[in-house]
Amino acid sequence: MATQRFLTGITTSGTPHLGNYVGAIRPAIEASRRADTENYYFLADYHALIKCHDPAVVAQSRLEIAATWLALGLDPDRCVFYRQSDVPEVMELTWMLTCMTAKGLMNRAHAYKAVVQENEEAGSQDPDKGITMGLFSYPVLMAADILIFKATHVPVGRDQIQHLEMARDIAQRFNHHYGELLVLPEVVVPEEGSTLAGLDGRKMSKSYNNTIPLFETEKKLRKSVMRIVTNSLEPGEPKDTEGNSLFAIWRAFSSAEETAEAAQWFAEGIGWGDMKQKLFEKLNSELAEPRERYNALMANPAEVESILQAGAARARAESGPFVEQLREAVGLVRA
Ligand code: TRP
């Protein structure tokens with residue numbers, strides 16, 4: 001059997017939080033340590049331009065996100081870790097795919113439709129208000145990200161399933177027309193219930209503003225933990241672990257034994273203040289080292305840059321020859 005190749009894009013926006021770590025970063029790093037798969041991880045900075053038009057923010061964010069993954073233990077020798085915009089073949093394939101993509105298919109994209117709906121609800125004259133071609137054709141760029149490296153498996157959040165279906169559709173149409181050149185990728189979605197609870201008990205997400213940033217200072221981390229919403233049960237009263245954010249976060253960072261231990265404390269009626277203190281200490285002990293590495297990398301962007309350049313060189317060693325093959329297939333041949 002051919003090797004499985006996992007590939008996923010990391011959006012370079014926002015401040016990475018515990019939920020990103022537990023839901024995406026940690027599983028990706030674990031996967032990269034497995035010997036039986038190939039892993040491609042890239043910073044989706046072309047995608048960042050869709051939503052962010054502030055050059056300083058775009059630049060800062062891609063550095064921060066790269067430093068985050070490296071600080072948390074991603075080993076660039078065990079995967080191909082690169083920046084999308086360092087691989088211009090992605091853009092070239094994007095155009096070839098764009099010319100094979102039915103506009104009607106893009107009309108059905110959830111991300112696009114959601115904005116149209118917002119415009120309609122706001123009573124706007126123009127349903128496409130504020131929608132750039134970047135947003136509209138975003139699924140084509142995403143398809144190119146995947147297809148240029150012949151990925152077989154693409155781990156993404158559930159909100160991205162439609163984009164994977166579109167990537168397959170587009171690839172199929174290309175193959176039908178030009179020959180079997182593109183590999184149809186399979187989507188890999190996280191198990192139900194693998195998302196982390198946030199400060200207010202809902203899923204930890206920047207859109208809910210209930211996150212705990214990964215690399216905030218120790219002092220701020222403590223403050224965040226103290227803000228986790230609990231109920232009015234007093235110390236001594238037994239507490240339910242089910243649906244409790246403190247417990248959920250504890251569990252995400254603990255062994256089975258430590259989790260059982262915490263369940264015991266809950267049953268015995270540990271006070272919320274004490275539990276928060278314990279959770280803070282646990283998180284801080286897990287994050288102290290990566291936080292230091294993160295700060296060191298942020299202070300030395302040249303080191304991050306050289307890691308990314310090495311990743312880009314490995315990536316381009318594949319995308320370069322492949323795009324040549326694709327150029328030929330579509331008729332862009334040299335005389
Ligand atoms: N759109 C993805 C997200 O928002 C990120 C992404 C961009 C991606 N290109 C990709 C994920 C290619 C997987 C494969 O999460």
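Figure 1. A polar side-chain atom of Gln-160 is placed 3.0 Å from a ligand nitrogen atom. For His-47, the distance from a polar side-chain atom to a nitrogen atom of the ligand is 3.3 Å. In the side chain of Asp-145, an N or O atom lies 2.7 Å from a ligand nitrogen. A polar contact here is a pair of N or O atoms within 3.5 Å. The ligand taken alone exposes 370 Å², of which the protein buries 89%; accessible areas follow the Shrake-Rupley method with a 1.4 Å probe. The model is predicted, with local features requiring pLDDT of at least 70 and side-chain atom pairs counted only at pLDDT 80 or more, whereas totals for chains, interfaces and linings use all residues. Residues are numbered from 1 along each chain as its sequence is written, and side-chain values use heavy atoms, with hydrogens and water left out.

Figure 2. Helices (H or I, at least four residues) and strands (E, at least two) are DSSP runs, numbered from the N terminus.

**Figure 3. Pairing of strands S1 and S2.** S1 and S2 run parallel and are joined by eight bridges; strands pair if DSSP finds at least two bridges between them. Thr-11 is positioned opposite Ala-44 of S2. From S1 the chain passes through helix H1 (residues 18-32) to S2 in a right-handed β-α-β crossover, that is, the path runs clockwise with the strands pointing away from the viewer.

**Figure 4. The chain as context for the close-up views.** The chain contains 14 helices and five strands. Its C-alpha atoms fill a box of roughly 80 × 50 × 40 Å along the principal axes.

Terms used
A polar contact is a pair of N or O atoms within 3.5 Å; within protein, one must be able to donate a hydrogen and the other to accept it, and residues adjacent in sequence count only if both atoms are side-chain atoms.
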